[in-house]
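The sequence and the structure are shown first.

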Amino acid sequence: MGVANRSEDDFIDRVRREWKRAYPDFDTAPVEVMGRIARINAQSLHQLDRALASSGVSRAEFDVMSALARSDRPLRASEVTAVTMVSGAATTKHADRLAKLGYVERQRFEHDGRVVLLQLTDAGRALVEAEFPRRVERDRQVLTGLDEDERAQLTALLKRISLNIDSGIWD
């Protein structure tokens, strides 16, 4: 897998030309950035889906497991929901399935028996520890051809966009 030629058109260039042909007076400049972000994300997530297929765990379930792996303590389902950006119902569904697979266990919170805490089992931690480095390596390959300064600049620019979204621009 080589580095893309900078003069090549990519998928988004072709989409913009199609939009320009269909709507010649409409400015599609934001597609240059947002379309590429969306496409890169979709392709990256597709690769993660493929990598996880043999484990029987979905990407959303892996996100739950990753949230638990990053935490230094068991988490309430609501805490997992907050960091995975899925609904509470989805978190419960994923936790149920992961418990059946032996990757997550539930514990009662010692101060309030009504509260259930989630934590990885040894098998769950082993899966995260095996797959997370592979995911980072795939991401590293996507960034091939960018030097350290370019990666830092891209990071800073994407962070500004992320902060725009986090500020609730659409609320």
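## Basis of the report

The structure is a predicted model. Every value quoted here is therefore computed from a prediction.

## Salt bridges between elements

Side chains of opposite charge can pair when their charged atoms come close. The structure holds twelve salt bridges, and one of them joins E61 to R97, with the closest N and O atoms 2.8 Å apart. E61 belongs to helix α3 (residues 59-70) and R97 to helix α5 (residues 88-101), so this pair ties together parts that are 36 residues apart in sequence. The two partners can be described by their accessibility: E61 is buried, with a relative accessible area of 5%, whereas R97 is partly exposed at 37%.

Salt bridges with shared partners connect D10, D13, R16, E32 and R36 into one network. Separately described is the salt bridge of R73 with E79, in which the closest N and O atoms are 2.6 Å apart. The relative accessibility of R73 is 41%, which places this residue in the partly exposed class. E79 is also partly exposed, with a value of 26%.

In soluble globular proteins, nonpolar side chains tend to be buried together. The largest nonpolar core of this model comprises 17 residues, and V57, M65, L68 and L98 have the most contacts inside it. At least two residues of this core come from each of α2 (29-52), α3, α5, β3 (112-120) and α6 (122-142). Helix α3 gives the most, with four residues.

Which residues does M65 contact, leaving aside its neighbours within four places in sequence? The contacts of M65 are V57, L98, Y103, L120, G124, L127 and V128. Two of these partners, V57 and L98, are also among the residues with the most contacts inside the core.

## A buried loop residue

T28 is located in the loop between α1 (11-22) and α2. When residues up to four places away in sequence are not counted, T28 touches R16 and W19. R16 is also a member of the salt-bridge network that includes D10 and E32.

## A positive phi at M85

Most residues other than glycine have a negative phi, and most peptide bonds are trans. M85 has a positive phi of about 60°, although it is not a glycine. This residue is found in the loop between α4 (77-84) and α5. Is M85 buried or exposed? With a relative accessible area of 77%, M85 is exposed.

Technical notes: Residues numbered from 1 in each chain as written. Predicted model: local features only at pLDDT ≥ 70, side-chain atom pairs only at ≥ 80, totals over all residues. Heavy atoms only, no water. Salt bridge = Lys/Arg side-chain N within 4 Å of Asp/Glu carboxyl O. Buried < 20%, exposed > 50% of the residue type's maximum accessible area, 1.4 Å probe, protein only. Core = buried A, V, L, I, M, F, W, Y, C linked by side-chain atoms within 4.5 Å. Contact = heavy atoms within 4.5 Å.
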